[in-house]
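Let's take a walk through a protein model together. Have the sequence and the 3D view ready, and look up each residue as it comes along.

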Amino acid sequence: MCLHFDPIVPHPGWEAGYAATVDMIASFLRPKDIVYISLGSLRFLPDLPAGLAAAGILPDYYLNEFVTDLDGKRRLARPLRVRQLRHVAGLLRKCGLAGKLYLCMESDEVWKAVFGTTPGGFGGLARRLMEQAFAKRRGEP
């Protein structure tokens, strides 16, 4: 089983909301049943907020500080992104899921700020995910 916290949305009370979500997951799932967990920050194409505003449904979190990244998408400014990713990763680590986490669509700089390493530091993201998905896990037949 794989879990995806993507996007992590900076809504009012997001810290407590994600903590409650992780607690619920930990009460139902065992770490050995989870292959990997992706974490990603809110990102969108530049035209999305204008379209939402025209439809009268622009959530307040679209008013946060965003920057245009190299891929043309709008992303939360790095300090808030790193804070969110660290927060959720920390919650998941406490549940014994540290080795199962990866960042979706983030730079090496953000990986380093959140985990202290980059995908290259453990042989590449694709290799790690394949090992987690298909390698025989300890204690399983």
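## Before we start

This is a predicted model, so to speak of a local feature we need a pLDDT of at least 70, side-chain atom pairs count only at pLDDT 80 or more, and totals for chains, interfaces and linings use all residues. Residues are numbered from 1 along each chain as its sequence is written, and side-chain values use heavy atoms, with hydrogens and water left out.

## Helix α3

Find residues 78-94: that's helix α3, with 17 residues. (Helices are DSSP runs of H or I with at least four residues, strands are runs of E with at least two, and both are numbered from the N terminus.) From first C-alpha to last, α3 reaches 24 Å, close to the 24 Å expected at 1.5 Å a residue; that expected span is 1.5 Å times one less than the number of residues. Just after α3, G96 takes a positive phi of about 85 degrees.

Now for the buried side of things. Buried means under 20% relative accessible area, exposed means over 50%, and partly exposed is in between, using a 1.4 Å probe and protein chains only. The buried residues of α3 include L80, R81, V88, L91 and L92. What do they pack against? The buried part of α3 packs against β1 (2-8), α1 (14-28), β2 (36-41), β5 (74-76), β6 (101-103) and α4 (108-115).

## The nonpolar cores

A nonpolar core is a set of buried Ala, Val, Leu, Ile, Met, Phe, Trp, Tyr and Cys residues joined through side-chain atoms within 4.5 Å. In soluble globular proteins, nonpolar side chains tend to be buried together. Here the largest core has 28 residues, and F5, Y18, I37, L39 and L92 have the most contacts inside it. Two or more residues come from each of β1, α1, β2, α3, β6 and α4, and α3 gives the most, with 6 residues. Apart from this core lies another one of 7 residues, among them L42, F44, L52 and L80.

Leaving aside neighbours within four places in sequence, Y18 is in contact (heavy atoms within 4.5 Å) with F5, P7, I8, V9, H11, V88 and L91.

## Two strands side by side

How do β1 and β2 run? They run parallel, joined by 5 bridges; strands count as paired if DSSP finds at least two bridges between them. F5 stands opposite L39 in β2. The chain goes from β1 through α1 to β2 in a right-handed β-α-β crossover: with the strands pointing away from you, the path from the first strand over the helix to the second runs clockwise.

## Salt bridges

A salt bridge puts a side-chain nitrogen of Lys or Arg within 4 Å of a carboxyl oxygen of Asp or Glu, and the whole structure has 6 of them. One joins D6 and R43, at 2.9 Å from N to O. This pair links distant parts of the chain, with D6 in strand β1 and R43 in strand β3 (residues 43-44), 37 residues apart. D6 is partly exposed at 29%, while R43 is buried at 17%.

Another bridge joins D71 and R75, at 2.6 Å. Is R75 buried or exposed? R75 is buried, with a relative accessible area of 3%, whereas D71 is partly exposed at 42%. D69, D71 and R75 are linked in a network of salt bridges.
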